[in-house]
Amino acid sequence: MIRKTSGLVLSSIRYKDTSIIVKIFTRELGLKSYLINGVRSMGKGSKMALYQPLTLLDLVVYNKENSGLQRISEAKLQRAHQRIPFDFSRTSIALFMTEVINRSIYENYQNESLYDFLSESVVILDQGETLLSHYPLVFLIEKAKFLGIAPEEAEGFILESDKQPFTNQELPLTLDYLKNLLEEKYHCAHKIPVIIRRKLLDHLLDFYAQQMENPSAFKSLAVIRQVME
């Protein structure tokens, strides 16, 4: 069956000489793996740029039930990024986002509200006025809501975790900061020491690991911590 859908590219791996297998989180069909033949061939006809992480696409796909690899009939760029591919900080955050997404959803998982949030987050990341120092924290907090693992109150992100990295002096600052992030989201302009932001990032990733039962370390963590200076 041929279906139209929008999609967010998450990752791709090489397959044979000129092909790739790409993971795309589609709005209507969920997370799918697609085999793209000949995309790595040299020349003007190459469409490899379409399948970079966090690219937003309009797709026409062949959707077969109970089938592993799917096929794409047509892929068009929905929105050309102006900053993400050319700005080291935004590129680093994009890679961090794809790692978090890949580790928290599974093949065929479908959630239109989550897709809309991710799509909006990508657009915001590409905007020049976005404060990047808060962005990864807001992304983790807001995404947890769509996965159904977010506490109702800011305190829950601290209390519902097995670990407690904050000192008695840091805890009130952290809770106030968390409340600000929850209220203002990507528009947060709260001033907070770098050490608090970094500790909160580590803590939220621990929170995800506990909730999703995936304790392995995030590969992009070292780079993303630098972005939050």
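Guide: Let us begin with a term: two strands are said to pair if DSSP finds at least two bridges between them. Please also keep in mind that this is a predicted model.

Visitor: Okay, so which strands pair up, and in what order?
Guide: The open sheet is formed by 5 strands in the order S3-S2-S1-S4-S5, and their pairing is antiparallel. The edge strands, each of which pairs on one side only, are S3, covering residues 30-36, and S5, covering residues 71-79.

Visitor: And how much does the sheet twist from one strand to the next?
Guide: The twist averages 40 degrees from one strand to the next.

Visitor: How many bridges hold S1 and S2 together?
Guide: S1 pairs with strand S2, residues 19-26, over 8 bridges in the antiparallel sense. As an example you can look for in the structure, Arg14 has Ile20 in S2 as its bridge partner.

Visitor: What about S1 and S4?
Guide: Those two strands run antiparallel and are joined by 7 bridges, and Arg3 stands opposite Val61 in S4. On to the next pair, S4 and S5 are also antiparallel, with 7 bridges, and the bridge partner of Leu56 in S5 is Arg79.

Visitor: Is S4 mostly covered or mostly open?
Guide: S4 is mostly covered, since 5 of its 7 residues are buried.

Visitor: Which residues touch the most others in the largest nonpolar core?
Guide: That core has 55 residues, and Phe25, Ile105, Leu125 and Phe139 are the ones that touch the most other members. Elements giving two or more residues to this core include strand S1 (2-15), helix H1 (88-104), helix H2 (112-125) and helix H3 (135-147). The largest share, 8 residues, comes from H3.

Visitor: Can you say more about Phe139?
Guide: Not counting residues up to four places away in sequence, Phe139 touches Met97, Val100, Ile101, Phe117, Leu118, Ser121, Tyr186 and Tyr208.

Visitor: One more: I noticed Asn111. Where is it, and is it buried or exposed?
Guide: Asn111 sits in the loop between H1 and H2, and Asn111 counts as buried because its relative accessibility is 17%, against a cut-off of under 20%.

Visitor: What do the polar atoms of its side chain lie close enough to for a distance to be given?
Guide: A polar atom of the Asn111 side chain lies 3.1 Å from the backbone nitrogen of Ser113, and there is also a distance of 3.4 Å between a polar atom of that side chain and the backbone oxygen of Phe146. Apart from neighbours within four places in sequence, Asn111 is in contact with Phe25 and Phe146.

Notes: Residues are numbered from 1 along each chain as its sequence is written. This is a predicted model: local features need pLDDT of at least 70, side-chain atom pairs count only at pLDDT 80 or more; totals for chains, interfaces and linings use all residues. Side-chain values use heavy atoms; hydrogens and water are left out. A nonpolar core is a set of buried Ala, Val, Leu, Ile, Met, Phe, Trp, Tyr and Cys residues joined through side-chain atoms within 4.5 Å. Buried means under 20% relative accessible area, exposed over 50%, partly exposed in between (1.4 Å probe, protein chains only). Helices (H or I, at least four residues) and strands (E, at least two) are DSSP runs, numbered from the N terminus. Contact means heavy atoms within 4.5 Å. Axes are lines fitted to C-alpha atoms, for helices over the stretch in contact, and angles run from 0 to 180 degrees between N-to-C directions. A polar contact is a pair of N or O atoms within 3.5 Å; within protein, one must be able to donate a hydrogen and the other to accept it, and residues adjacent in sequence count only if both atoms are side-chain atoms.
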